[in-house]
Amino acid sequence: MAFFSTYYECEGCDAMKVVLQNLTKIFPNRTKKMPDVIAVNNFNFEIPDGQLIGLLGPSGCGKSTALNLICGLEKPSSGKIFFGEEDVTELPPENRGVGLVFQNYALYPHMTVRQNIMFPLQNFKGKDKLPKAEMEKRVEEAARLVQIERLMDRKPSQMSGGQQQRVAIARALVKMPRVLLLDEPLSNLDARLRLQTREEIRRIQRNTGITTIFVTHDQEEAMSISDLIVVMKEGVIQQIDQPQRVYDDPKNLFVAKFLGTPPINVFEGTVRNETLYLGQDGVLRVPGVGDRDVWVGVRPEGFVPQEAGPLCCELKALEVMGRDTSVVLGNPAAVSDPLRAIISAEHAAAPGDKEMRFALKPNKVFLFDKETEERIRVRAE
Amino acid sequence: MDKQNRKAWLYLLPAILFLGVFMIYPLADVLIYSVEENFRSASQTYTGVGLENFSVVLRSPDFLQAVKNTFILVIITVPVSTGIALLISLGLSSIQPLRKLYQTIYFLPYVTNTLAVGLVFMLIFQYDQDGGAGLFAMLLQALGMQPVDFIQGPYWAKITVTCLYTVWVVMPFKILILTSALASVPQSYYNAAKIDGTSKWRTFTRITLPSIAPMIFYLIITGFIGAFKAYSDEVALFGVNLNEAGMNTMVGFIYDKLYSDGGGYPSYASAAALILFAIVLTITVINLMVSKKTVNS
């Protein structure tokens, strides 16, 4: 494996940073009545070389379109794409040096694993043409990297989903791409394989050091393996940051709601005299925030059970998870139903209790503007 | 258990009766007829049992002509029609505007009556001295060439027009099958190939063709069988007296032995039918063997 990565360096096609400048893709609508669809709206970001980026958003947010723009299957309506210093906006896909792994793997069913992996190499023409032995060697290396050496003579139909996925990755890697793109790489796998394969993708990415962009709608997946997360909604980038930072410091209500399991609890709140009120309960000091109505997001782990805590909630159910307890709550000010708090098992209430009182951890409580849903910053005390 | 069995037979009875009367009995009868020597329809008598009928049929010049015609038809029309259908299907699946219109146009011959089509072909290709020049003859004249009567003229002209006609008639079904086969190849294969810089030709030969190979083989096998059974097309073009026109087919020969002027020879017809069956069976088995080998690799 180490050999494989040194190989990249000596070939001079090692990882590249990827820069998107004002990238926009508009799909004109067929009928006059409907507006055009802006799948990708003015993207500006730089992906540092050798990093793994998760492009995260709900279905239809334009993340796959963004990926297709980067690999060249779609032409942008405007804007530019750079790999390193090179402007690749006008280049056809084959000249960009990208490897793409498809959601359904797109392995050619009539070819064996070996033939599938070798296929991209056989496309090289002219001076790039490789001798047969060299091709064989590269195929072997790619197969070793994804650990499928023993399956080389199988057809895709004789393999499990996870194995097919590895073959697809090997096929994308074998031509030593500058950028590796993965489109929903795990969504066709079952839960256990998904965990295993995402670790695998992380390992392969680390070993090869290829700048990798992967698209997913699963926030947990994106959080667990990405260096950076790009959160998208309706073609617009909401936030770009390290996974933990996106979670701890969401820029708006959408990002706050999209990340985290169980999801964040949303309340309607009011700020009066720098104090946040949920219903009648004044729950938290919020210095620097003027009097106004706000959306309040409280992470499940932000609830601290306290005898005399300011927030009173109806106790609906306790779900024991071993280490932690998930408490299902009700509150008149809550928008999300049910509310869910994660507290450590020893603090759990007695089974007969009807109510529970909480204090809130300030760094787990986020305020958002009622109109724009943008984050309202609280001054640190 | 016994009751169960009886019930099962009862349920099967309609199908068995039907198949027995219309399939198994005639098949057995064909076998029997084919070995009854000097069978007379009128008196329902025969003189012996043997392979005499087969040797008579195989020595009959009409039958040999029919075999020759049929083979020429099969060998030319099956590959040509499949090839052209593939080209047209590829064209159809690569255009976006007016695709539906073209698909409809290409499908029209399928729903058109054979005899009507034959009449039109006859009118296009005929040419006789009395001034009955068809469109094609006029075209040749306009180009300064000597026209030929493709309907009553020399053998090569007649067989050419037969092949043309057959190709034209069988094409729509093949186009229909192939366009749907092409549409069922996942777009992601093509995207993957595009990203890897696969040339158009290589994409076609290594991805498209193998993906639709089962359908192509299906068309070739049914094409062979269909062409071996050709008869009505020839009647549409050349009239019922195909032997005189020298354009008879094997099925035509069988029909003639049964019903036409020289008819009343079920033994000869049966022998010819069995010979045809043997040929079709052989070719189909070869086809299946080849297709298994090709589609799997």
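A residue is taken as buried if 20 or more other C-beta atoms lie within 10 Å of its own, as exposed if 12 or fewer do, and as partly exposed in between, with the C-beta atoms placed from the backbone. Helices (H or I, at least four residues) and strands (E, at least two) are DSSP runs, numbered from the N terminus. The model is a predicted one, so to speak of local features takes a pLDDT of at least 70, side-chain atom pairs count only at pLDDT 80 or more, and totals for chains, interfaces and linings use all residues. Residues are numbered from 1 along each chain as its sequence is written, while chains are lettered from A and ligands numbered from 1 in the order in which they are written.

Chain A comes first. Its secondary structure comes to nine helices and 21 strands, and its C-alpha atoms fill a box of roughly 75 × 50 × 45 Å along the principal axes. Of its 381 residues, 43% count as buried. Contacts here join residues whose C-beta atoms, placed from the backbone, lie within 7 Å. Among the contacts in chain A with a separation of 6 or more, 67% come from residues 24 or more positions apart.

Where they meet, five residues of domain 1 of chain A are in contact with seven residues of domain 2 of chain A. The domain 1 side of that meeting divides into three nonpolar residues, one polar and one charged. For this count, Ala, Val, Leu, Ile, Met, Phe, Trp, Tyr, Cys and Pro are nonpolar, Asp, Glu, Lys and Arg are charged, and the others, Gly among them, are polar.

Next, the sheets. Strands are called paired if DSSP finds at least two bridges between them. Six strands of chain A make an open, antiparallel sheet in the order β13-β12-β11-β14-β20-β21. At its edges stand β13 (281-285) and β21 (375-376) of chain A, each with a single partner strand, so one side of each is left without a neighbour in the sheet. Inside this arrangement, β11 (residues 265-272) and β12 (residues 275-278) of chain A pair in the antiparallel sense over three bridges, and A:Val271 sits opposite A:Leu276 in β12(A).

Another open sheet of chain A has five strands, ordered β15-β19-β16-β17-β18, again with antiparallel pairing. Its edge strands are β15 (303-305) and β18 (339-344) of chain A; each has a single partner strand, so one side of each lacks a neighbour in the sheet. Three bridges link β15(A) to β19 (residues 355-360) of chain A in the antiparallel sense, with A:Leu360 in β19(A) as the bridge partner of A:Phe303.

Then there is the nonpolar core, meaning a set of buried Ala, Val, Leu, Ile, Met, Phe, Trp, Tyr and Cys residues joined through C-beta atoms within 7 Å. The largest holds 110 residues, of which A:Leu55, A:Ala170, A:Leu181 and A:Val296 touch the most other members. Helix α5 (residues 161-173) of chain A gives the most to this core, with six residues. Domain 1 (2-254) and domain 2 (262-376) of chain A both contribute residues, so this core lies between them. Neighbours within four places in sequence aside, A:Ala170 is in contact with A:Ile117, A:Ala142, A:Ala143, A:Leu145, A:Val146 and A:Ile148. A second, separate core of 25 residues includes B:Phe121, B:Phe150, B:Val167 and B:Val169.

Helix α3 (residues 113-122) of chain A is mostly covered, with seven of its 10 residues buried. Those buried residues are A:Val113, A:Asn116, A:Ile117, A:Met118, A:Phe119, A:Pro120 and A:Leu121. Their cover includes α4 (132-145) and α5 of chain A.

As for the two chains together, 13 residues of chain B are in contact with 15 residues of chain A. On the chain B side, α8 (187-195) and α9 (200-228) of chain B each supply at least two residues, and α8(B) has the largest share, six residues. By class, that side of chain B has six nonpolar, four polar and three charged residues.

Finally, B:Leu182 lies in helix α7 (residues 155-183) of chain B. B:Leu182 is partly exposed, with 18 other C-beta atoms within 10 Å. Apart from neighbours within four places in sequence, B:Leu182 is in contact with B:Ser89, B:Leu90, B:Ser93 and B:Ile212.

Conventions
Domains from an automatic or database assignment.
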